[in-house]
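Hi,

Here's the structure I said I'd pass along. Have a look, and then read on for what turned up in it.

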Amino acid sequence: MATTLQNTITLEEFLKLPETKPAAEFINGSIHQKSMPQGKHSRLQLKLCNAVNQVAENSKIALAFPELRCTFGGRSIVPDVTVFTWERIPFDADGEVENSFQIYPDWTIEILSPEQSSTKVITNILHCLKYGTKLGWLIDPIERLILVFLPGQQPLVMTGDDQLPVLENLPLKITVIQVFAWLKIGK
């Protein structure tokens, strides 16, 4: 379960603190500890990053990152998966990915853990959309559904064979059933 660790701290003070495991986020002047990822959460996170990067990295369309801190709009959050279009990825002078991402993701994906607050996660997705994110997913492994968030629209409830929306120009076709099928591993 995510807990509030400290109130009345500035974003600048928060960013100077050492990283924690699980990650802490800065939201509305408070530090909130994320829930420790469990098996289903970790498996979905890994497979989502792999699925996006398999179709997008070599052609320099986009790149997916697990647990990447993004600081923008007065918050510092760590979505479960972030996807950035290639032209928005910050690179340093050596052509390597920057450590610090002071920008919103193009696509944010959150995977709901059993004891995690869905309202906190939805609030983070809405914050991302407010600042320019084009797509948000909230994956609920217990309900076997994915809430899809698009700017200026009501959330979409996706289940079963529903084709999930992805970023424009991303050659990834995936259904809700396919996402949850990743939880079954051959013995």
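Which side chain meets Arg 69 in a salt bridge? The partner is Glu 19, with N to O at 2.9 Å. Bear in mind that this is a predicted model. The two residues sit 50 apart in the chain: Arg 69 is in the loop between β4 (62–66) and β5 (70–72), and Glu 19 is in the loop between α1 (11–16) and β2 (24–27). Arg 69 is buried, at 14% relative accessible area, whereas Glu 19 comes out as exposed at 57%.

Searching the whole structure gives 3 salt bridges. Another one pairs Asp 106 with Arg 88, at 3.1 Å between the closest N and O atoms. Both residues belong to the loop between β7 (81–85) and β8 (107–111), so this contact ties together parts 18 residues apart in sequence. Asp 106 is buried, with 0% relative accessibility.

Asp 106 also forms a salt bridge with Lys 134, where the closest N and O atoms are 2.8 Å apart. That pair spans 28 residues, with Lys 134 in the loop between α3 and β9 (135–140). Lys 134 is partly exposed, at 43%. Through shared partners, Arg 88, Asp 106 and Lys 134 end up in one network.

As for α3 itself, this helix covers residues 118–130 and reaches 18 Å from first C-alpha to last, close to the 18 Å expected. Its buried residues include Val 121, Ile 125, Cys 128 and Leu 129, and Lys 120 is buried too. Just after the helix, Gly 132 has a positive phi of about 130°.

Cheers

Definitions and conventions. Residues are numbered from 1 along each chain as its sequence is written. This is a predicted model: local features need pLDDT of at least 70, side-chain atom pairs count only at pLDDT 80 or more; totals for chains, interfaces and linings use all residues. Side-chain values use heavy atoms; hydrogens and water are left out. Helices (H or I, at least four residues) and strands (E, at least two) are DSSP runs, numbered from the N terminus. The expected span of a helix is 1.5 Å times one less than its number of residues. Buried means under 20% relative accessible area, exposed over 50%, partly exposed in between (1.4 Å probe, protein chains only). A salt bridge is a side-chain nitrogen of Lys or Arg within 4 Å of a carboxyl oxygen of Asp or Glu.
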